[in-house]
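Please open the model in your viewer and keep the sequence panel beside it, so that residues can be selected by number.

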Amino acid sequence: MFDQTQLLELAATYGTPLYVYSADRVVEQYKSLYKYIPYSKLQVHYALKANYNVALLAALRDAGAALDTVSPGEVQLALALGFAPEKIIFTANNLKDEEVAEVKALGVLFNIGSISRLEKFGRAYPGSRVCVRFNPDVVDGENAATATGGDLAKFGILMQDVDKVVDIARQYDLHIVGLHEHTGSGLQHTESVFQSMKNLMGLAGRERFPELEFLDFGGGFKVPYKPDEAAVDYAAMGAEIVRLFEDFCQTYGKALELKFEPGKYMVAQAGVMLTTVNTLKFNRTRTIAGCDAGFPQLIRPVFYGAYHQIENLSNPDGERKVYDVCGNICESGDRFAEQRELPEIREYDVLAIYNAGAYCYSMGGVYNLRSMPGEVVISNGNAKLVRKRLSNQELVSNLLAESLV
Ligand code: LLP
């Protein structure tokens, strides 16, 4: 998808480490869901936690996307960028009362995932419209940290507590207009999507919830990370989703809106991080390629053991050798890849780390006081630097400016 010559040019122009995104690909991914899930009342809410780059958000806003937000900061950003409050769903967990008040005043719909918060919300804001999040009791995800259903998850209200939800709503005149579940990120089995839908729809009868306007089945659509990984058959999955949902709507007696909240699916493949190898080292059994970025700038391999494809852009036809691709942080675990076969790496070669569009920049930090990379967005073939990398002086003066010492 990325033109390798263009990536090398961008690395030369702006320096590395550098994130490069394709806004066109993000919008394509967004639109593809409307093709794969042919249901007239589908609304896709992009899970903005995956990547909050302002240029990508603007492209999605212009394409008509709605948003899933998880913090008051995300809601403030979405509103500042001109997303209408009606297009924003707020699915935070473990909120402080002050945060609830802040977001309530902004007019976005709350999606509440605990009995305790539902009750406090009802007491504070009787008569409100609200969405309720259930734990779908299906366990799936790319790894244990991203499975959000089942007994080990902190999210959602247990399905067995559905009558408590109804009682609280009655007591405080809450209008439950939506029900929600999110099973996990990077769902490994399409069957999990269907089973979670069935579980939520099993609770959603008209007698209990007469005012429903939508059901929201969260995110989690998987994308391939490894080169040989099979892609999900999204057309087949979408057809089954529509069949299940239309059946439900018929029983409910109303064509409800169908919502999904994908993050990874929308942006993962649309991003790449470029990093330059500055040091080669031979450590008895390992050849180490030392890069000018580390795990704070792209954390998924270290945090989740995630696989990210890497290419040597400067020497694509080099003889294949095995490397530990390491970062520049003072920790031994600081690796983007371990024992990875790659075309021969020479010092000053530029590497591309793929599928870096989701949960990479957004999970980043400045540990060891190294700035986050700059960000370039390609739109209609034109590349533009949309966020610069802070110089070391700027990083330090910001730190000192924030300091009250
Ligand atoms: N909806 C809710 C309520 C969520 O909690 C999430 C993700 C999504 C939607 C979007 O899920 P997605 O489509 O992106 O899988 N940092 C992890 C993923 C964490 C996902 C957190 N919640 C990773 O890099 O794999």
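Which residues lie nearest the centre of the largest pocket? Select Lys49, Thr148, Phe155, His182 and Tyr359, which lie nearest the centre among the 31 residues that line the largest pocket. Bear in mind that this is a predicted model, in which local features need pLDDT of at least 70 and side-chain atom pairs count only at pLDDT 80 or more, while totals for chains, interfaces and linings use all residues. Residues are numbered from 1 along each chain as its sequence is written, and side-chain values use heavy atoms, with hydrogens and water left out.

A pocket here is an open set of points on a 1 Å grid over the protein atoms alone, with protein on both sides within 12 Å along at least five of seven lines, and its lining residues have an atom within 4 Å of a point. The largest pocket has a volume of about 590 Å³, a volume being the space filled by probe spheres set on grid points that are joined across faces, edges and corners. Now colour α10 (264-267) and α11 (300-304), the elements that give two or more residues to the lining of the largest pocket; α11 gives the most, with 3 residues. Helices (H or I, at least four residues) and strands (E, at least two) are DSSP runs numbered from the N terminus. By class, the lining holds 12 nonpolar, 12 polar and 7 charged residues, where Ala, Val, Leu, Ile, Met, Phe, Trp, Tyr, Cys and Pro count as nonpolar, Asp, Glu, Lys and Arg as charged, and the others, Gly among them, as polar.

Next, go to the second largest pocket, with a volume of about 320 Å³. Of its 18 lining residues, select Glu86, Leu109, Arg129, Glu213 and Phe214, the closest to its centre. Strands β4 (88-90), β5 (109-112) and β9 (257-260) each give two or more residues to this lining.

Show the strands as a cartoon and follow the closed barrel of 8 strands, which runs β2-β3-β4-β5-β6-β7-β8-β9 with parallel pairing; two strands pair if DSSP finds at least two bridges between them. The twist averages 30 degrees from one strand to the next, with axes fitted as lines to C-alpha atoms, for helices over the stretch in contact, and angles running from 0 to 180 degrees between N-to-C directions.

On β16 (residues 374-379), joined to β1 by 5 bridges in parallel, find Val377 opposite Tyr21. On β10 (residues 271-283), joined to β1 by 4 bridges and running antiparallel, find Leu274 opposite Leu18.

Last, look for a cavity, a set of points where a 1.4 Å probe fits but cannot get out. The whole structure has 1 cavity of 30 Å³ or more, and about 40 Å³ of space lies in the largest cavity. Its lining residues include Leu187, His189, Phe221 and Met237, and α8 (190-203) and α9 (234-252) each give two or more residues to the lining.
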